Amino acid sequence: MLTLESPLASLSRTAKEAGDDATTEVHATSVRARCPAAVGAAAALPWTRWLAAQARAEFDPVAAQPAQLDWEARLSPPGEPGDPLEVTGTVFAPDGEHPVAGIVVYAYHTDARGLYTPSNTPREGPRLRGWMRTGADGRFRLHSIRPAPYPNREVPAHVHFNLWGAGYPRQWTESLLFEGDPLLNAERMEHSRQLGRFANVRALARGADGVWRCTFDLKVQTVSNFRD
Ligand SMILES: [Fe+2]
């Protein structure tokens with residue numbers, strides 16, 4: 001899985017912009033915990049113990065999962081600034097052929113400023129988030145706004161997905177990226193191309209109603225790639 005994070009770069013840029021050490025540390029924790037690729041670099045930092053303590057207080061989307069889930073969900077509250085976005089997809093079995101019912105699809109992303117939360121407090125969880133459960137046809141749909149890149153503008157705008165349920169363990173999927181993002185590089189485009197029909201760089205089309213739409217099919221795995 002191609003990584004999305006440059007946590008140390010993100011950290012230094014945030015420190016420069018915010019001028020606030022506490023906010024910077026929380027931001028780093030937030031990024032590390034929500035983007036699995038950031039774990040290795042974060043472990044080398046001298047405040048590892050502090051990070052570990054914060055991680056234990058991290059928002060748990062499994063525990064927070066609503067009792068009742070539909071195949072579609074709205075992630076953004078009414079009036080959320082940003083261009084409206086609709087993502088529709090199907091979750092397939094590991095064979096990539098058969099849709100899977102009963103999969104919980106948890107998705108979250110940054111807001112129009114590139115932030116997960118106003119305070120970057122990990123225990124709050126990302127503000128724009130939602131859960132869906134696939135029906136018999138394996139489909140899901142999310143309604144939200146288009147995410148913005150992180151404030152350091154080195155990582156493309158993206159939507160994170162976790163899957164679990166129906167006998168499958170919690171796992172990360174590829175992150176959804178958007179064609180035309182100037183932050184996409186050749187490596188990310190090639191990685192997406194190699195994913196074939198499960199390519200994670202997706203073309204957006206804007207409808208007459210002003211909503212940006214794309215499709216994004218996912219393939220569930222039998223072995224989890226999830227790390228706390
Ligand atoms: Fe992220």
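## R153 in its loop

With 13 C-beta neighbours inside 10 Å, R153 counts as partly exposed. The cut-offs are these: a residue is buried if 20 or more other C-beta atoms lie within 10 Å of its own, exposed if 12 or fewer, and partly exposed in between, with C-beta atoms placed from the backbone. R153 sits in the loop between β5 (139-145) and β6 (159-165). Its phi is near 55°, a positive value in a residue other than glycine. Most residues other than glycine have a negative phi.

## Basis of the model

This is a predicted model, in which local features need pLDDT of at least 70, side-chain atom pairs count only at pLDDT 80 or more, and totals for chains, interfaces and linings use all residues. Residues are numbered from 1 along each chain as its sequence is written.

Strands are DSSP runs (E, at least two residues), as are helices (H or I, at least four residues), and both are numbered from the N terminus.

## The sheet

Four strands form an open sheet. Their order is β4-β3-β6-β7, and the pairing is antiparallel. Two strands pair if DSSP finds at least two bridges between them. At the edges stand β4 (128-133) and β7. Each has a single partner strand, so one side of each is left without a neighbour in the sheet. On average, neighbouring strands of this sheet are turned by 15° against each other, direction ignored. The axes behind such angles are lines fitted to C-alpha atoms, for helices over the stretch in contact; angles run from 0 to 180 degrees between N-to-C directions.

## Strand β6 and its partners

β6 is mostly covered. Five of its seven residues are buried. Strand β3 (residues 104-109) runs antiparallel to β6, and six bridges join the two. Two facing positions can be picked out here. Y106 stands opposite N162 in β6, and Y108 stands opposite H160 in β6.

β6 also runs antiparallel to β7, with three bridges between them. In this pairing, G165 stands opposite Y168 in β7.

## The β6-β7 hairpin

A166 is found in the loop between β6 and β7 (168-172). The hairpin of these strands has two residues between them, and A166 takes a positive phi near 55° there. A166 is not a glycine. It is partly exposed, with 16 other C-beta atoms within 10 Å.
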